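Please look over the sequence and structure before reading on.

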Amino acid sequence: MKTISENRAFGGVQGVYSHASEVCGCDMTFGLFLPEEAEHEPVPVIWYLSGLTCTHENAMVKAGAQAWAAEQGVALIFPDTSPRGPLVADDDAYDLGQGAGFYVNATEAPWTPHFRMWDYLTDELPHLLFSAYPLDEGRQAIMGHSMGGHGALTIAMSFPGRFRSVSAFAPIAHPTASDWGRKQFTAYLGRDETKWAAHDATLLMKKRGFDGPVLIDQGGSDQFLDKLMPEALAEAAMAARQNVIFRMQKGYDHSYFFVSTFMQDHISFHAEALYE
């Protein structure tokens, strides 16, 4: 691993690191915040998955999460949203290609060689981090925003027992029925829609749910509500009798002003589950 930067923050350290990823076939970058407690013992972990066009840096800089993580004694992991580099396939559209990995393993050309974010986030990166840093593998939570909310929910429901809690800000909740999903799934996974279901939070909620608490915050004035389809996820959670808190936040949009406003709530929500 290569250390790009390390800065003291709230008694802990906010670092940025890169490594050669065998899964993605390129160098990948991630942010890691370690609270002061990590100097003495392994600490619980919260994964934060970001949205379309983002890198590891957006949430790391804009979400205001480190102060609350330091207060609760938890680490934060900020992965990138896709593979990157001159040899990695891309598209002129903002919602496909680099910055828009959608947290799946691509099976279609030209995306297959590099776009394997599912395996990267559920296998390769965890192995790297838990072997290199004082992180408690038995106490993990996951959260995300928009495309990252989609990723957090689908990963959490697909790995029972791995995460104690999951939360999302304005997740892409029903991608198989949305323009933010159908386009990308067709490109990355092909036209066989049966292969898409494993990456749809609403369908997974109907099928299996999550074995822990769920928190969803959605801005009532979100400019992308028609693409996010939060009502589909809410209905599925109610039908599944899921342990879920679903909050429609009046007047808030899709921005990091919205995310940072409710970040303390989400960190506290996860800390409660991580320290049970």
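A residue is called buried when its relative accessible area is under 20%, exposed when it is over 50%, and partly exposed in between. By that cut-off Asp217, with a relative accessible area of 0%, is buried. The model is predicted. A search of the whole structure finds eight salt bridges, and the ones described below involve Asp217, Arg247, Asp265, Arg182 and Glu193.

- The side chains of Arg247 and Asp217 form a salt bridge, with an N to O distance of 2.8 Å.
- This pair links distant parts of the chain, since Arg247 is in strand β9 (residues 244-249) and Asp217 is in strand β8 (residues 214-219), 30 residues apart.
- Arg247 also meets the side chain of Asp265 in a salt bridge of 2.9 Å, N to O.
- Asp265 belongs to helix α9 (residues 256-274) and Arg247 to strand β9, so this second pair ties together parts that are 18 residues apart in sequence.
- Through shared partners, salt bridges join Asp217, Arg247 and Asp265 into one network.
- Arg247 is partly exposed, at a relative accessible area of 25%, and Asp265 is partly exposed as well, at 34%.

- Glu193 and Arg182 pair through their side chains in a salt bridge of 2.6 Å, N to O.
- Arg182 is in helix α5 and Glu193 is in the loop between α5 (179-189) and α6 (201-207), so the bridge ties together parts 11 residues apart in sequence.
- Both partners are partly exposed: Glu193 has a relative accessible area of 41%, and Arg182 has one of 32%.
- Arg182 is also touched by Thr176, whose other contacts, leaving out residues up to four places away in sequence, are Phe185, Trp196, Asp200 and Leu203.
- Thr176 is in the loop between β7 (166-169) and α5, and is buried, with a relative accessible area of 13%.

**Nonpolar core**

- In soluble globular proteins, nonpolar side chains tend to be buried together.
- Here the largest nonpolar core has 89 residues, and Trp47, Leu135 and Tyr188 have the most contacts inside it.
- Leaving out residues up to four places away in sequence, the residues that Tyr188 touches include Leu96, Phe102, Val104, Trp111 and Phe115.
- Among the other contacts of Tyr188 are Gly97, Gly101, Thr107 and Glu108.

**Largest cavity**

- The structure holds one cavity of 30 Å³ or more, and about 60 Å³ of space lies in the largest cavity.
- Trp47, noted above for its contacts inside the core, is one of the residues lining this cavity, and others include Leu49, Gln140, Ile155, Arg162 and Phe163.
- Two or more lining residues come from each of β4 (43-49), α3 (117-132) and β6 (135-145).
- Helix α3 gives the most to the lining, with three residues.
- By class, the cavity lining has seven nonpolar, two polar and one charged residues.

**Largest pocket**

- The largest pocket has a volume of about 220 Å³.
- It is lined by 13 residues, of which Leu52, Thr53, Ser146, Phe224 and His254 are the closest to its centre.
- The pocket lining divides into six nonpolar and seven polar residues, with no charged residues.

Conventions:
Residues numbered from 1 in each chain as written. Predicted model: local features only at pLDDT ≥ 70, side-chain atom pairs only at ≥ 80, totals over all residues. Heavy atoms only, no water. 1 Å grid on protein atoms, 1.4 Å probe; cavity = no way out; pocket = protein on both sides within 12 Å on 5 of 7 lines; lining within 4 Å. Points joined across faces, edges and corners; volume = space filled by probe spheres on them. Nonpolar A, V, L, I, M, F, W, Y, C, P; charged D, E, K, R; others polar. Salt bridge = Lys/Arg side-chain N within 4 Å of Asp/Glu carboxyl O. Helix = DSSP H or I, 4+ residues; strand = E, 2+ residues; numbered from the N terminus. Buried < 20%, exposed > 50% of the residue type's maximum accessible area, 1.4 Å probe, protein only. Contact = heavy atoms within 4.5 Å. Core = buried A, V, L, I, M, F, W, Y, C linked by side-chain atoms within 4.5 Å.
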